[in-house]
Amino acid sequence: MTKFIQEKCSSCYFHLRNIGRIKRSLSVNMRIKLVHNMILSKIDYCNGLLALTPKTHLKRLQKVQNAAVRLIYDVPKKSSTSKYLKEAHFLRIDERISYKLCSIMFNVISGNIPSYMSDSFE
């Protein structure tokens, strides 16, 4: 699982560096959209698998998200990012994982899932 997280982090940092090169010519709203589409989509991909992962491993993904917020709002490295996470309407990594699992279970209970998934829950 650590290799999976490591590959996600390195890919996200690559895209963050590229966005950082052009951030002066982008508005804050455009930065949020780019980060959401290029960074958070990678973090969210298969994040249900990370539900039982120790918090120490999830800290690496949280650092990526914090770096993304710092890039969006030009926050200094020593400053807290929690205020800016709320401003950008981003959930923390552990909250994103919980939200994804809850939404999957809601769909299972309400019957809004494809038949290939409903067969495994019966």
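**View 1. Asp74 and its backbone.** Asp74 is placed in the loop between α3 and α4, in a model that is predicted. The phi angle of Asp74 is near 55°, a positive value in a residue other than glycine. Most residues other than glycine have a negative phi, and most peptide bonds are trans. With a relative accessible area of 34%, Asp74 is partly exposed.

**View 2. The salt bridge between Asp74 and Arg24.** Asp74 pairs with Arg24 in a salt bridge whose closest N and O atoms are 3.3 Å apart. Because Arg24 lies in the loop between α1 (2–22) and α2 (28–44), while Asp74 lies in the loop between α3 and α4 (82–87), the pair ties together parts that are 50 residues apart in sequence. Arg24 counts as exposed, at 65% relative accessibility, whereas Asp74 is partly exposed, with a relative accessible area of 34%.

View 3. Taken together, Lys23, Arg24, Arg31 and Asp74 are linked in a network of salt bridges. Side chains of opposite charge can pair when their charged atoms come close.

**View 4. The salt bridge between Asp44 and Arg96.** The side chains of Asp44 and Arg96 meet in a salt bridge, with an N to O distance of 2.7 Å. The two residues link distant parts of the chain, since Asp44 belongs to helix α2 and Arg96 to helix α5 (residues 93–110), 52 residues apart. Asp44 counts as partly exposed, at 22% relative accessibility, and Arg96 counts as buried, at 11%. A search of the whole structure finds eight salt bridges, among them this pair of Asp44 and Arg96.

**View 5. Cys9 and Cys12.** The count of disulfides comes to zero. Cys9 is in no disulfide, and the nearest cysteine sulfur, that of Cys12, is 6.7 Å away; a disulfide would require a pair of cysteine sulfur atoms within 2.5 Å. Cys12 is likewise in no disulfide, its nearest cysteine sulfur being that of Cys9, 6.7 Å away. Cys9 is buried, with a relative accessible area of 3%, and Cys12 also counts as buried, at 0% relative accessibility.

**View 6. The backbone at Cys46.** Cys46 lies in the loop between α2 and α3. Phi of Cys46 is near 60°, which is a positive value in a residue other than glycine. Cys46 is partly exposed, with a relative accessible area of 27%.

**View 7. A patch of positive charge on the surface.** Lys59, Arg60, Lys63, Lys77 and Lys78 gather in a patch of positive charge on the surface. Lys63, one of the residues in this patch, is found in helix α3 (residues 55–73). With a relative accessible area of 56%, Lys63 is exposed, and the cut-off behind that term is a relative accessible area over 50%.

**View 8. A nonpolar patch on the surface.** Leu101, Ile104 and Met105 form a nonpolar patch on the surface, with about 210 Å² of accessible area together. Met105 is found in helix α5, and at 39% relative accessibility Met105 counts as partly exposed.

View 9. Along its principal axes, the C-alpha trace of the chain spans about 50 × 30 × 25 Å.

How values were computed. Residues numbered from 1 in each chain as written. Predicted model: local features only at pLDDT ≥ 70, side-chain atom pairs only at ≥ 80, totals over all residues. Heavy atoms only, no water. Patch = residues over 30% accessible without salt bridge, like charges linked within 9 Å, V, L, I, M, F, W, Y side chains within 5 Å. Areas by Shrake-Rupley, 256 points an atom, 1.4 Å probe, with all protein chains shown as cover. Salt bridge = Lys/Arg side-chain N within 4 Å of Asp/Glu carboxyl O. Lys, Arg positive; Asp, Glu negative; His and termini not counted. Charge placed at Lys NZ, Arg CZ, Asp CG, Glu CD. Helix = DSSP H or I, 4+ residues; strand = E, 2+ residues; numbered from the N terminus. Buried < 20%, exposed > 50% of the residue type's maximum accessible area, 1.4 Å probe, protein only.
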